[in-house]
Amino acid sequence: MNGMSEILEQIAGQTGLNSGQIIIGSLALLLIILLILVAFMGYFRILAHIASFAYPVARVRALGNPFVREEELAALAESHTLHELREKIQDHGFDMKLEEAAPLQDLDQVLDRYYLHEWSLFLDSVPDSIRPFFTAFRSLPESEQLKTAIRGRHAGLHPDIIRSRMIPVGIVTPELIDGCAHSEKVDDIVSLLQETIYGKALAESLPHYHEQGSTLPLERALDLTTLQEINHSRTRIDNLLAGPVREFCGIYTDITNILTVLRARTEGIDPAEASLSIVSGGAFYEDWRMRQLLETPTIPEILHQLSGTEYFDAISAAIPLYEETASVHPLEHELERYLLKKVGILSSTYHLTGGPLIRFIVARFIEIRNLRVLIHAFHGRMPIAAVSGELVTEGGIG
């Protein structure tokens, strides 16, 4: 202590400051140094995140999404046979074995297996910092496989048929598929899933399944769980990376809720029942507003309620087609095009982190759907012009 006092007295003598002032000044300098270090640590953290995204972003950019581009789909549509179509698809790196003589169900399986294989490779490449979102988003194809199991068991299909129609993805392992296939009743499948994210919602919907004699309550429970899981995933993402995830979740929730309203009104589903499928977390619409729309008597009135929003602008071009056909499919397709446009904006805005990854996997799903439309048309010998409106592209109606 005596040594320190002597040092302070020497400094005080040289600077004209007393020892108390010197201590305060030293502490202030130390605080400034600490703040600079914290700032630099935050900066290095950002750089570390960007570095971790470099490979996966480069990978998806290299793979690309050719079949959401009008010109590429137009080239596919000029094919004369399914064999020629397959060759053009394979030229873009899509390794699919589409046999011309295969039943349509087998061709659908080829598409589904390819997409789920892509999912596996994609999820292996994404950084851990954003993985919770993509793991949650994978629940979409997971839930579709579970619906296949539930529908198959409800219909009394043979275990071999159920097994052949299911594809492993996420929690849907070969062991779970085997368990679902050999379940004696739908209740057993629900029991198998009790420890998963779907367990609670399925168990709560099981009495409604028995009351209605329909799988719809269970399918709705799966859809609801999936959307809730996707929305909840944004809370598990580092704030530095949450921007594209948060924006996507809000838009996706709005679109899903709007589609629920449109389909419920078209199919005459009771508003109280349909409201069970509405989820909170939309970018522009609170869940109560969506439930309010369910009470609106007609589709034109619902569309009028949407006017002034980007969603109305997106579907306005399809309203005459809806009025002509009384089908909501044209409106659904325009909302899908809007979603594709929005993920493209996210990809440009957050181009060094999650934006390109979100765009890739959403666009890949739409690509598979586009290919399915074309393959079905070729298989059924339908003119491509008859299905062109079902193709979802970056540039609008194909």
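This report walks through the helices of a predicted model and a handful of residues within them and between them.

**The overall picture**

Let's start with the protein as a whole. Its secondary structure consists of 20 helices and two strands. Of the 398 residues in the protein, 46% are buried. Among contacts with a separation of 6 or more, 64% are between residues 24 or more positions apart.

**Helix H19 and its two partners**

Sorted by class, the contact of H19 with H20 has nine nonpolar, four polar and three charged residues.

H19 also packs with helix H13, residues 242-267, at an angle of about 175 degrees. Here the axes are 11 Å apart, and the angle makes H13 roughly antiparallel to H19. H13 brings Pro244, Glu247, Phe248, Ile251, Tyr252, Ile255, Ile258, Leu259, Leu262 and Arg263 to the contact. H19 answers with Leu331, Glu332, Leu335, Tyr338, Leu339, Lys342, Val343 and Leu346. By class, the contact of H13 with H19 has 14 nonpolar, no polar and four charged residues.

Is Glu332 buried or exposed? Glu332, found in helix H19, counts as buried because its relative accessibility is 11%, and the cut-off for buried is under 20%. Setting aside residues up to four places away in sequence, Glu332 touches Leu259 and Arg263. Both of these partners are among the H13 residues in the contact with H19.

Helix H5 spans residues 104-125 and has 22 residues. From its first C-alpha to its last, H5 reaches 32 Å, close to the 32 Å expected at 1.5 Å a residue. Its buried residues are Leu107, Asp108, Gln109, Leu111, Tyr114, Tyr115, Leu116, Glu118, Trp119, Phe122, Leu123 and Ser125.

Phe94 sits in the loop between helix H4 (82-91) and H5. Phe94 has a relative accessible area of 1% and is therefore buried. Which residues does Phe94 contact, leaving aside its neighbours within four places in sequence? They are Pro66, Phe67, Ile89, Tyr114, Arg364, Glu367 and Leu371. With Tyr114, Phe94 forms a pair that is 20 residues apart in sequence and 8.2 Å apart in space, C-alpha to C-alpha. Tyr114 is itself one of the buried residues of H5.

Thr226 has its place in helix H12, residues 216-233. At 2% relative accessibility, Thr226 counts as buried. Apart from its neighbours within four places in sequence, Thr226 is in contact with Ser139, Leu140, Ser143 and Tyr198.

Gln292 belongs to helix H15, residues 287-294. Because its relative accessibility is 41%, Gln292 counts as partly exposed. Gln292 and Ser275 are 17 residues apart in sequence, and their C-alpha atoms are 9.1 Å apart in space.

**Two loop residues with positive phi**

Ala326 lies in the loop between helix H18 (319-325) and H19. Its phi is near 60 degrees, a positive value in a residue other than glycine. Arg381 is in the loop between H20 and strand S1 (392-393). Arg381 is not a glycine either, and has a positive phi of about 55 degrees.

**Accessibility at a glance**

The table gathers the accessibility values for the individual residues discussed above.

| Residue | Relative accessibility | Class |
|---|---|---|
| Phe94 | 1% | buried |
| Thr226 | 2% | buried |
| Glu332 | 11% | buried |
| Gln292 | 41% | partly exposed |
| Ala326 | 56% | exposed |
| Arg381 | 75% | exposed |

Technical notes:
Residues numbered from 1 in each chain as written. Predicted model: local features only at pLDDT ≥ 70, side-chain atom pairs only at ≥ 80, totals over all residues. Heavy atoms only, no water. Nonpolar A, V, L, I, M, F, W, Y, C, P; charged D, E, K, R; others polar. Helix = DSSP H or I, 4+ residues; strand = E, 2+ residues; numbered from the N terminus. Expected span 1.5 Å × (residues − 1). Buried < 20%, exposed > 50% of the residue type's maximum accessible area, 1.4 Å probe, protein only. Axes fitted to C-alpha atoms, helices over the stretch in contact; angles between N-to-C directions. Parallel < 35°, antiparallel > 145°, perpendicular 65-115°, else oblique. Contact = heavy atoms within 4.5 Å.
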